[in-house]
Amino acid sequence: MTEKLYYIDSHMKTFTATVLACEPVKERFEVVLDRTAFFPEGGGQAGDSGFIGDIAVFDTHEKNGKVVHYVNQPIPDGSVLDCRIDWEKRFRRMQNHSGEHIVSGLVHKKYGYSNVGFHMGADFVTIDFDGFLTPEQLAEIEREANYAVAANYKVTATFPNPEVLKTLEYRSKLELTENVRIVEIENTDICACCAPHVNSTSEVGLVKILSSGRRRRGGDGVRITMLCGLDAYENFVRTHDNNAAISMLLSAKREETAAAVERVLAEQERLKQRNAELCRALAHLRAETIEPSDGNIVIFNSVLDEPALRELINGAVTKCSGLAAVFSGSDEAGYRYIIGSRKIDLRAAAKQINSGINGRGGGSSEMIQGSCKESAENIQKFLSIYNI
């Protein structure tokens with residue numbers, strides 16, 4: 001049986017161990033040690049990585065009751081080696097996990113909601129609660145969580161005997177009766193958990209709730225996205241630097257960038273509407289200049305927007321006895337097209353037309369639209385003589 005050093009000291013970074021077994025499994029090797037500080041995946045926390053001697057451990061799991069270390073090359077049985085875990089990765093995970101306990105404990109105390117889903121990803125931590133929390137309520141939870149961090153509350157982990165366990169009120173997603181590990185955060189939370197945690201809340205450093213929304217699956221409730229500790233600090237630096245750049249671009253104070261962006265968006269919307277008006281007016285003027293034709297009319301225009309191009313086609317179909325087509329784009333990037341006619345059933349003709357211009361698209365009997373990859377010269381040649 002492997003001695004689980006991570007339960008004795010969650011901050012143990014190095015240790016010496018004897019290799020009990022090393023078995024090849026597919027393209028990797030599974031190593032079992034007589035003692036280990038490598039935490040196997042569990043409780044929502046990923047398995048540790050690091051080194052056994054000079055051999056890299058890329059993951060750790062518990063398998064058939066054994067702690068298995070995954071490596072890419074064999075290690076002789078009986079080897080006594082110095083081992084070290086990737087401490088920064090482990091510490092960041094402990095910060096996020098302990099921060100999650102603080103938040104979940106406060107939500108449970110204040111609103112009675114349970115944590116029904118927890119995931120610690122490479123970029124973010126997500127928690128699902130079985131009740132809905134407003135942004136204002138979450139802001140208060142975040143504030144209280146950071147007060148708990150500042151208070152430097154003690155964090156302890158124990159395996160209470162069954163009789164003591166019966167007297168405890170603790171959070172747990174499962175019905176547990178034996179070998180239950182209880183993680184208690186002073187004045188904040190009591191929860192069943194198998195993962196290593198920090199020794200005091202001050203080690204969490206910072207708790208930041210980044211976003212919230214309704215749970216995607218499993219009924220009503222809220223999913224929050226959060227980060228703690230060094231991960232939260234680095235997220236703050238990235239966000240702060242991005243906001244500083246926006247501040248400079250908009251010539252606005254950093255605390256006023258949102259209002260500045262709103263002004264830019266409002267102006268953009270005004271210009272967008274004005275552009276649409278001008279495009280429609282230009283389309284009508286262009287349609288008036290089209291000479292009547294007994295055949296087809298083909299127009300290339302990369303200035304008008306799509307609604308205006310349809311307006312242009314509506315005017316052009318009255319000037320021809322065949323079809324009217326407008327193409328927007330370039331030979332390099334390809335073209336978007338709209339084709340209209342009052343004489344030709346375009347729905348029936350779409351396949352033949354698309355074949356001739358290397359395109360794809362469809363629509364109604366009076367108008368079709370799509371895209372094509374033929375050159376302007378070849379499009380012009382094909383449609384100038386096209387007849388059905």
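**Note on the predicted model: cores, ring pairs and salt bridges**

1. Lys166 has a relative accessibility of 65% and therefore counts as exposed; exposed means over 50% relative accessible area, buried under 20%, and partly exposed in between, using a 1.4 Å probe and protein chains only. Glu163, at 54%, is likewise classed as exposed. The side chains of Glu163 and Lys166 meet in a salt bridge with an N to O distance of 3.6 Å; the term requires a side-chain nitrogen of Lys or Arg within 4 Å of a carboxyl oxygen of Asp or Glu. Because they stand three residues apart in helix H4 (residues 162–167), about one helical turn separates Glu163 and Lys166. Elsewhere, salt bridges with shared partners join Glu88, Arg92, Asp231 and Glu234 into one network.

2. Residues are numbered from 1 along each chain as its sequence is written, and side-chain values use heavy atoms, leaving out hydrogens and water.

3. The structure holds 17 salt bridges. One of them connects the side chains of Glu234 and Arg92 at 2.7 Å, N to O. This pair links distant parts of the chain, with Glu234 in helix H5 (residues 229–250) and Arg92 in helix H2, 142 residues apart; helices (H or I, at least four residues) and strands (E, at least two) are DSSP runs numbered from the N terminus. Arg92 is buried at 14% relative accessible area, while Glu234 is partly exposed at 32%.

4. Glu140 forms a salt bridge with Arg143, whose closest N and O atoms are 2.3 Å apart. Both residues belong to helix H3 (residues 135–150) and are three residues apart, about one turn of the helix. Glu140 is partly exposed at 26%, and Arg143 is partly exposed at 40%.

5. Which residues touch the most other members of the largest nonpolar core? They are Phe15, Val103, Ile224 and Met226, in a core of 52 residues. Helix H2 (residues 87–111) gives the most to this core, with seven residues. Apart from it lies another core of 18 residues, including Tyr337 and Tyr386. A nonpolar core is a set of buried Ala, Val, Leu, Ile, Met, Phe, Trp, Tyr and Cys residues joined through side-chain atoms within 4.5 Å.

6. The structure holds 12 aromatic pairs. Phe58 and Tyr70 have ring centres 6.3 Å apart and planes at 25 degrees, so this pair is stacked. Rings of Phe, Tyr and Trp (its six-membered ring) pair if their centres lie within 6.5 Å; planes under 30 degrees apart count as stacked, over 60 as edge-to-face and the rest as tilted. Phe58 is partly exposed at 38% relative accessibility, whereas Tyr70 is buried at 5%. Phe327 and Tyr335 form an edge-to-face pair, 6.4 Å centre to centre with 90 degrees between the planes. Phe327 is buried at 0%, as is Tyr335 at 7%.

7. Ring pairs also link Tyr6, Tyr7, Phe39 and Phe159 into a cluster.

Terms used. This is a predicted model: local features need pLDDT of at least 70, side-chain atom pairs count only at pLDDT 80 or more; totals for chains, interfaces and linings use all residues.
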